[in-house]
Number of protein chains: 2
Amino acid sequence: MKRVRIGLLGCGTVGGGFVRLVERERSRIRDRYNVELNLARILVRDSSKERPGVDRALLTTSALDVIDRDCDLIVEAIGGVHSAGTFVRRALARKRSVVTANKALLAAAGGELFRAASRNRVSLGFEASVCGGVPVIAALRRGLAGDTIERITGILNGTSNYVLCRMEEGLSFTDAVARAQELGFAERDATLDLSGEDSAQKLRILANVAFGDGEVRKASVCGIGGDVRHVRGTVVRLIAEARRVAGGVELCVEPRRFTYDHPFARVRDEQNAVVIRGRAVGDVWLGGAGAGASPTAAALLSDVLECVRDLT
Amino acid sequence: MKRVRIGLLGCGTVGGGFVRLVERERSRIRDRYNVELNLARILVRDSSKERPGVDRALLTTSALDVIDRDCDLIVEAIGGVHSAGTFVRRALARKRSVVTANKALLAAAGGELFRAASRNRVSLGFEASVCGGVPVIAALRRGLAGDTIERITGILNGTSNYVLCRMEEGLSFTDAVARAQELGFAERDATLDLSGEDSAQKLRILANVAFGDGEVRKASVCGIGGDVRHVRGTVVRLIAEARRVAGGVELCVEPRRFTYDHPFARVRDEQNAVVIRGRAVGDVWLGGAGAGASPTAAALLSDVLECVRDLT
């Protein structure tokens, strides 16, 4: 039996979902993989807050108390670039594998962090950073590693897709965004999602996995707004596309129009979908829930098991 | 630079595709993964046959000449159960990792072979055995490892799907099968595909990965034939489904009817598609080319890279 002590940074929506999932999956993972998972320490901002299902004795407000402790790996679920970046750098430097859902951090400092992980001979898992529970990173890194990837095209942002679906039903852009916010599919400030920037961050991560450190030759990002018009028989989707071109990679995020029979038109509400074009395999489709506490937690836990496999 | 010597068993459609793919991807793999792939020896039945792009000096008609040589891993592309089984057992016993596309062998002797691999501390890669280039095994073993899988539902046989699509267009069952045979989508004897047995073999492999060695409580296999009726607004698909039930797993292969708007109705011709339902992630979709020399070779090569990662 391999015993693994996990240090968790952050216990909000995603972190809390991870705690509950570890609890639920613990016995299956013990039986299946001969691995005993233990949450050793959890970083929170306010340790007095009620957190149903979370053992209060594990909580700490000191990040160093998590990172510098005797943990085998660190799960980062804080989000944001600044503090999260400091903590992840420190964990890697102390030779702890890190699993993260933090696309903003990877988009901003991925190259540096992957080099730090490699230098310290530890893993940096990031399945949860793109498309939530849809295992697109595993597909690219593992199942399709033998093929040359030509192109990746996808609906990578669930919020904007939800808004576009409501606009198809006749809602104005403003009302559609308000509806998404009411239901928790959009943040109070939805700019990152609607501007295409969130899609662009995820696209950079996918391109990096698929094409390696190829230089980005051109990147254009265009989001959605009130000017999206309804045209009978068609729908609009916010599409992110990365293409291999001579000597590098081109990235593009833009709204595109599809007829009803196009597979992208079938991607509804907050769902995500990705088409990966390989030279040998042709088009491979993946789709599913792109966000949410449960799918994201499942992706984090899958990455934890991947790291455990590498632990000696 | 890690140098890897590959012994290839079989140089037919899949094996030949593998040789060509290794040639094409060699420099990318060298640059990307710091791995130098070399085909060291290739088992063929008739070494005098013309094989464009295959170095004749590598050919041998002796399996032992491949397995017992100084190869780091063995790629099995013979097919069938008897000889392939003997060779794979011998390779594993000699502590060679094996990569195979052989679903029949895995369905017949998977448990024994996986135990042999584990006992000898080598890998047995089988991504290519199900859904060709669609990375469904990587998805289940890696990206979704953290979640409890409840159900797997899919179109796993491209031949029968091609036949059903032609029947939608008005062809009789017999004519549709003949068309599939003309175009190389069906064997001369298509019984394995049309009876549902091929789907059932693949389903057993998927169920084993998803649910572990859970006892199969019930398995029913029903294929397609001339009695598939066309009903306006609907299509028929040959569906393979594995479900977790109390104390085990239930398997079922049967033709099911779907309305046009159902995602399975959109799976055309020789394509494959799988829906994996996880307790945390919900429904995850994968789809693409389910067979063919190129996609299958790409899956074999991805598994080779996976094995190389484990080689010390």
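Before I start: helices (H or I, at least four residues) and strands (E, at least two) are DSSP runs, numbered from the N terminus. I also need pairing: two strands pair if DSSP finds at least two bridges between them.

**Ground rules.** I am looking at a predicted model, where local features need pLDDT of at least 70, side-chain atom pairs count only at pLDDT 80 or more, and totals for chains, interfaces and linings use all residues. Residues are numbered from 1 along each chain as its sequence is written, chains are lettered from A and ligands numbered from 1 in the order in which they are written, and side-chain values use heavy atoms, with hydrogens and water left out.

**Entry 1, the sheet.** I traced an open sheet of 6 strands in chain B, with parallel pairing and the order S3-S2-S1-S4-S5-S6. Its edge strands are S3 (59-60) and S6 (124-125), each of which pairs on one side only. I then looked at strand S5 (residues 97-100) of chain B, which is joined to S6(B) by 2 bridges. There, B:Val99 stands opposite B:Gly125 in S6(B).

**Entry 2, strand S4(B).** I found 4 bridges joining S1(B) to S4(B), and B:Leu9 has B:Glu76 of S4(B) as its bridge partner. Another 4 bridges join S4(B) to S5(B), where B:Ile74 has B:Val98 as its partner.

Two packed helices are described by the angle between their axes and the distance between the axes. I checked H4 (residues 103-119) and H9 (residues 197-211) of chain B: their axes come within 9 Å and cross at roughly 60°. Axes here are lines fitted to C-alpha atoms, for helices over the stretch in contact, with angles from 0 to 180 degrees between N-to-C directions. H4(B) is therefore oblique to H9(B) (under 35 degrees is roughly parallel, over 145 roughly antiparallel, 65 to 115 roughly perpendicular, the rest oblique). On the H4(B) side, B:Lys103, B:Ala104, B:Leu106 and B:Ala107 make the contact (heavy atoms within 4.5 Å).

A:Arg266 counts as partly exposed because its relative accessibility is 34%. Leaving aside neighbours within four places in sequence, A:Arg266 is in contact with A:Tyr260, B:Asp261 and B:Arg266.

Key:
Buried < 20%, exposed > 50% of the residue type's maximum accessible area, 1.4 Å probe, protein only.
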